Amino acid sequence: MVNIGVVGIGHWGPNHVRNFSQLSGSTVVAVADTSEERRKAILASYPEVTAYKTADELFAHDGLDAVVIATPTATHYELVKAALGAGLDVLAEKPLAVTAVQCRELDELAKKNGRVLMVGHVFLFNSGILKLKECSDDGSLGKVYYGHATRVNLGPIREDVGAVFDLATHDISIFNYIFGGCPTTVSASGKCFLQKELEDLAFLTLTYPSGQVANVHVSWLDPKKIRTITLVGDRKMVTWDDLDPVGPIHIYDKSVIQEPYYESFGEFHLLAREGDITIPKVKMSEPLRAQSQHFIDCISKRAESFSDGAFAAGVVAVLEATQKSIEAGGAPVEV
Ligand SMILES: NC(=O)c1ccc[n+]([C@@H]2O[C@H](COP(=O)([O-])OP(=O)(O)OC[C@H]3O[C@@H](n4cnc5c(N)ncnc54)[C@H](O)[C@@H]3O)[C@@H](O)[C@H]2O)c1
């Protein structure tokens, strides 16, 4: 049984408390939050946990094995460092820190101390995203030309980070996972309408070493909630719609083929090839539950997660390049 503590029980932290309380291999023994109101609220639902005001008090809790850091992004670096220093395994919310240098430092510290450091890139545990990855890896799409992601909604609006650090983190983690590494360059534009220096929307173009391109549109200032990704290959194309309860994945047996002209030998024209659209069965389950189980498995087996500090450093490096490109009016910035 893994004894878990959760630091930060605002909007998202209680979901960690619920999942780690319900899994058979873990139990939540303590929480910490600087807000008395939040501590009271969690104790009303989980009276058996100990609620501390500070993370340091929680880290010293007798018998604690691991912690979840679910506080605002700017606090992650110090809290993760302190937790690793206290000999605990750590699941940190995304993004791991505000710079890639900080992420790499945390990754090295975890490895040096023999601790698990996993980052909650929760979409890597989403069944639909796993299906996209499978379609890309098994060759059924052929050569993947490009990807496109839309993640927009009206709110929730954060006051600590902009839409790039809050929302694009997810799509960058997804494309880095599917394409097997980081892009080489990013060009991006973004706008701050509601708050100074915190962009409400951004358009990113990520160019990967293989020449594959991914476009990402994020916004918390949009009338409609959309969470979609399209991958276009030279043999097939696939779409994912996270909000489609029936079948989030649609595989289009469509492509563009070259046909010779009848009249002139050696010349070709491009024709659209229209085939079937299939909706494969995708097991719907809570991605956060799968992520929590993976953390417990890593702890039990003393194994590193694929979503470790090094992977998170790649994501944050892209976020940093994105902000530089926005400041440079969309100029390409190397990652
Ligand atoms: N994976 C996802 O889909 C997802 C969704 C939402 C949020 N998140 C991430 O979770 C984290 C928290 O987001 P949120 O929306 O819950 O934020 P929030 O502001 O609602 O909650 C943060 C809580 O942390 C507490 N806190 C702040 N500093 C603290 C400290 N030093 N010690 C103890 N408590 C402290 C605050 O009092 C607050 O209750 C962020 O990193 C965010 O990116 C991830």
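1. The chain folds into 9 helices and 15 strands, where helices (H or I, at least four residues) and strands (E, at least two) are DSSP runs numbered from the N terminus. The radius of gyration is 22 Å, close to the 20 Å that the globule rule gives for 335 residues, so the chain is as compact as a globular protein of that length. Here the radius is taken over C-alpha atoms, and the rule is 2.2 Å times the number of residues to the power 0.38. The C-alpha trace spans about 85 × 45 × 40 Å along its principal axes.

2. A word on what you are looking at: this is a predicted model, in which local features need pLDDT of at least 70 and side-chain atom pairs count only at pLDDT 80 or more, while totals for chains, interfaces and linings use all residues. Residues are numbered from 1 along each chain as its sequence is written, and side-chain values use heavy atoms, with hydrogens and water left out.

3. Now for the overall numbers. Buried residues make up 49% of the 335 in the chain; buried means under 20% relative accessible area, exposed over 50%, and partly exposed in between (1.4 Å probe, protein chains only). Of the contacts (heavy atoms within 4.5 Å) with a separation of 6 or more, 67% are between residues 24 or more positions apart. The accessible surface comes to about 15,700 Å², and 53% of it belongs to carbon and sulfur atoms; the areas come from the Shrake-Rupley method with a 1.4 Å probe, and for residues only the protein chains shown count as cover.

4. On charge, the chain has 31 positive and 42 negative charges, and their mean positions are 3 Å apart. Lys and Arg count as positive and Asp and Glu as negative, with His and the chain ends not counted. Each charge is placed at NZ of Lys, CZ of Arg, CG of Asp or CD of Glu.

5. The aromatic side chains deserve a look: there are 6 aromatic pairs. Rings of Phe, Tyr and Trp (its six-membered ring) pair if their centres lie within 6.5 Å; planes under 30 degrees apart count as stacked, over 60 as edge-to-face and the rest as tilted. Phe123 and Trp240 make an edge-to-face pair, 6.1 Å centre to centre with 85° between the planes. Phe123 sits in the loop between β6 (117-120) and α6 (127-137) and Trp240 in strand β12 (residues 237-241), so this pair ties together parts that are 117 residues apart in sequence. Both Phe123 and Trp240 are buried.

6. Another pair is Phe179 with Tyr208: the ring centres are 4.9 Å apart and the planes at 75°, so this one is edge-to-face. Phe179 belongs to helix α7 (residues 163-179) and Tyr208 to the loop between β9 (201-207) and β10 (213-219), so the pair ties together parts that are 29 residues apart in sequence. Phe179 and Tyr208 are buried. Phe125, Tyr177 and Phe306 form one aromatic cluster.

7. In helix α1 (residues 13-22), the buried residues are Gly13, His16, Val17, Asn19 and Phe20; their cover includes β1 (2-7), β2 (26-32) and α8 (287-301).

8. Ala313, in helix α9 (residues 309-327), is buried, with a relative accessible area of 2%. Leaving aside residues up to four places away in sequence, Ala313 touches Ala100, Cys103 and Arg104.

9. Lastly, some backbone details to check in your viewer. Most residues other than glycine have a negative phi, and most peptide bonds are trans. A cis peptide bond joins Lys94 and Pro95, with omega about -15°, and Pro95 lies in the loop between β5 and α5 (100-113). The bond from Gly155 to Pro156 is also cis, with omega near -10°; Pro156 is in the loop between β7 (144-154) and α7. Glu197 has a positive phi, near 65°, and is exposed, with a relative accessible area of 71%. Arg302 has a positive phi near 50°, lies in the loop between α8 and α9 and is partly exposed at 43%.
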